[in-house]
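Here are a few exercises with worked solutions. Have a go at each one in your viewer before you read on.

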Amino acid sequence: MKLASVSVGGVRRAGVVDETERTVSLLSVTVDDVVRGAPVEAGEVVSLDEVRLESPLSRFNRDVLCTGWNYWDHFEESAGKREGQDPASRPVRPTFFTKGPDTVIGPSDPIAFDPSLSQKWDYEAEIAMVVGRDGRSIPEEKALDHVFGFVVANDVSQRDLQRAHGGQWLKGKSLDATMPLGPWLTTLDEIDDLAGMRVQCEVNGVLLQDATSAQMAFTFAQIIAELSEGMTLRAGDVILTGTPSGVGNAREPQIFLNDGDVVVTRVSGLGELRNTVTLTDLASPDVKLAT
């Protein structure tokens, strides 16, 4: 099942997407409700082309949970380019950090861009997991029982901010309205091969990232098991699983996002995001942002 979030008459509702027919069957509840156990009863069917897709999830339990350095080619490409923050060796366990939920935008919303806050806006195509069942200290062999499904994400990062705050990544990952999520939530049973998902990112039509989930250093199940050790994961939690090589900060010459750039993020079987980097006054508390 592919669950989209659409706005109907100003009200956010879930819909079951039929990609072949290009339709969506509207539900009376939200995707957040379904992830937390609400029953699915499809109703009116409308054309997918007639609705605006929102971020599949909008009610977050906490920060978005994230996995760093989870593709070894990405870990290696950034060696010596972390401004003195290189680890001594490859991590033997997953690296975790979080980013604020106000980063989340929809699959076609503008990515906020404020060069007064950062000069190094980078793209990071990722697969995100959505937890569908609460659990703590989940064994690896049962980890996937706690996964509701997957979405496409782009962990747009501000590299100078990421390095400027004591080696902690939160600030350089948490500027408002900078993380596209969507286009819908694909349930686990729809994925034929968890190691065969192709992750890509294009900027202005140029393919800059291209990998498969088989290249991940730590599997989806390992991430769930490690993250949940002594820490309860709850239905609705979003977990990013890392980005492959090709990020702008590691390139020679470096490539950073700018106003007007079109960023396309896709994962085979999960869909595509298409977002435009848009000059935004994030320094002003009164500017309304996409959510």
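**Exercise 1.** Work out whether Trp 169 is buried or exposed, then find its ring partner.

*Solution.* Start with accessibility: Trp 169 comes out at 12% relative accessibility, so Trp 169 counts as buried (buried means under 20% relative accessible area, exposed over 50%, partly exposed in between, with a 1.4 Å probe and protein chains only). This is a predicted model, so local features need pLDDT of at least 70 and side-chain atom pairs count only at pLDDT 80 or more, while totals for chains, interfaces and linings use all residues. Residues are numbered from 1 along each chain as its sequence is written, and side-chain values use heavy atoms, with hydrogens and water left out.

Next, the rings. Rings of Phe, Tyr and Trp (its six-membered ring) pair if their centres lie within 6.5 Å; planes under 30 degrees apart are stacked, over 60 edge-to-face, and the rest tilted. By this rule there are five aromatic pairs. One of them joins Trp 169 to Phe 97, edge-to-face, with 5.0 Å centre to centre and 70 degrees between the planes. Phe 97 sits in strand E7 (residues 95–99) and Trp 169 in the loop between helix H3 (159–164) and strand E14 (179–187), so the pair ties together parts 72 residues apart in sequence. (Helices, H or I with at least four residues, and strands, E with at least two, are DSSP runs numbered from the N terminus.)

Finally, ring pairs link Trp 69, Phe 97 and Trp 169 into a cluster.

**Exercise 2.** Find which strands pair with E6, and in which sense.

*Solution.* Two strands pair if DSSP finds at least two bridges between them. E6 and E7 share five bridges and pair in the antiparallel sense; here Gly 68 faces Thr 95 in E7. E6 also pairs with strand E17 (residues 238–240), over two bridges and in parallel, with Cys 66 opposite Leu 240 in E17.

Then look at burial. Five of the five residues of E6 (residues 64–68) are buried, so the strand is largely enclosed by the rest of the structure. Val 64, Cys 66 and Gly 68 point one way, Leu 65 and Thr 67 the other, and all are buried.

**Exercise 3.** Say what the buried residues of helix H4 pack against.

*Solution.* First list them: Phe 220, Ala 221, Ile 223, Ile 224, Ala 225 and Leu 227 are the buried residues of H4. That is six of the eight residues in H4 (residues 220–227), so the helix is largely enclosed by the rest of the structure. With contact taken as heavy atoms within 4.5 Å, they pack against E6, E7, E11, E12 and E17.

Now follow E12 (residues 147–154), where eight of eight residues are buried. E12 runs antiparallel to E11 (residues 125–131), joined by seven bridges, and Ala 128 has Val 151 as its bridge partner in E12. Four bridges join E12 to E14, again antiparallel, with Ala 153 opposite Leu 181 in E14.

**Exercise 4.** Work out which strands stand at the edges of the five-strand open sheet.

*Solution.* Write down the order, E9-E19-E18-E15-E16, with mixed pairing. E9 (111–113) and E16 (206–212) are the edges: each has a single partner strand, so one side of each is left without a neighbour in the sheet. Inside the order, E18 (residues 262–267) and E19 (residues 271–279) run antiparallel over six bridges, and Val 262 stands opposite Thr 276 in E19.
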